[in-house]
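User: I am new to this structure and would like to learn how to read its main features. Please take me through them one at a time.

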Amino acid sequence: LRVKYRQEKIVSAELGMLKEIFGVNINKRDFILDFPKKLAKNSSKFKILEKFKKKIIIFVGQTFRSLSVHKWKSIIDLIKTKNPGCGIFLVGGDDCMWANLKNSDCDFRNKLSFEEFLFLIEKSDLFITSNGGPMWVSAASGTKTISIHGPSMFAWEPEGDNVINLRPYTYPDCQPCEGNCYLPKNRKFECLKKISLSLIHI
């Protein structure tokens, strides 16, 4: 599968995060990802998937470009209200452990190999993600992907019919966003705080 991107260097940097999370290094312009329908080894950890009709993955990402814990909890509550019987699964590495989301159904953070991560994407209906390496993998998979962007260049947004990029476009003084937030301290990362749950159509 080929990732659609605007700038090759940016995607290479993002995919470099996969090395930190899963111990793999993907830095080629074109690469092949095998999304297994079955794992080579049966894994009991995925038995929980059988309990849910709909499966949604959440990657909260790093704190400086992610929603607040309160907003992530509200997203999970909203999903469960709209979709009874839906399962919420957390993925990521050490940089995602800051978010204590006890209202999820299973916490896979720091517990998956890269093959298992690809398998989980294959079995899921939706991937909700902050900006980061897993976002690009999900976008390439064809799985519906909602990417939530805070301070970052627009080139960091993946493309594809299966991808929805959420970013407030109400800050003309911040356009184009260069990745660093130059707003005063009391307004830091205001764009992330302004993202409404009503924008997340599930």
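**Reading the sheet and the core**

Analyst: Ile-56 has Ile-88 in S2 as its bridge partner. Strands (E, at least two residues) and helices (H or I, at least four) are DSSP runs, numbered from the N terminus. This is a predicted model, where local features need pLDDT of at least 70, side-chain atom pairs count only at pLDDT 80 or more, and totals for chains, interfaces and linings use all residues. Residues are numbered from 1 along each chain as its sequence is written, and side-chain values use heavy atoms, with hydrogens and water left out.

User: In what order do the strands form the sheet?

Analyst: Strands of a sheet pair through backbone hydrogen bonds, either parallel or antiparallel. Two strands count as paired if DSSP finds at least two bridges between them. Here 6 strands make an open sheet, ordered S3-S2-S1-S4-S5-S6, with parallel pairing. S3 (106-107) and S6 (163-166) are at the edges with a single partner strand each, so one side of each has no neighbour in the sheet.

User: How many bridges join S1 to S2, and how many join S1 to S4?

Analyst: S1 and S2 are joined by 5 bridges, and Lys-55 stands opposite Gly-87 in S2. The chain passes from S1 through H3 to S2 in a right-handed β-α-β crossover; right-handed means that, with the strands pointing away from the viewer, the path from the first strand over the helix to the second runs clockwise. Between S1 and S4 there are 4 bridges, and Ile-57 stands opposite Phe-127 in S4.

User: How many residues of S1 are buried?

Analyst: Buried means under 20% relative accessible area, exposed over 50%, and partly exposed in between (1.4 Å probe, protein chains only). In S1, 5 of the 6 residues are buried, so the strand is largely enclosed by the rest of the structure. Helix H5 (133-141) is mostly covered, with 8 of its 9 residues buried, including Trp-136 and Val-137. Just after H5, Gly-142 has a positive phi of about 95 degrees.

User: Which residues touch the most other members of the largest nonpolar core?

Analyst: A nonpolar core is a set of buried Ala, Val, Leu, Ile, Met, Phe, Trp, Tyr and Cys residues joined through side-chain atoms within 4.5 Å. The largest one has 44 residues, and Trp-72, Val-91, Phe-108, Phe-117 and Ile-128 touch the most other members. H4 contributes the most to this core, with 6 residues.

User: Which residues does Phe-108 touch?

Analyst: Contact means heavy atoms within 4.5 Å. Leaving out residues up to four places away in sequence, Phe-108 touches Lys-45, Phe-46, Ile-48, Phe-89, Leu-90, Val-91 and Leu-120.
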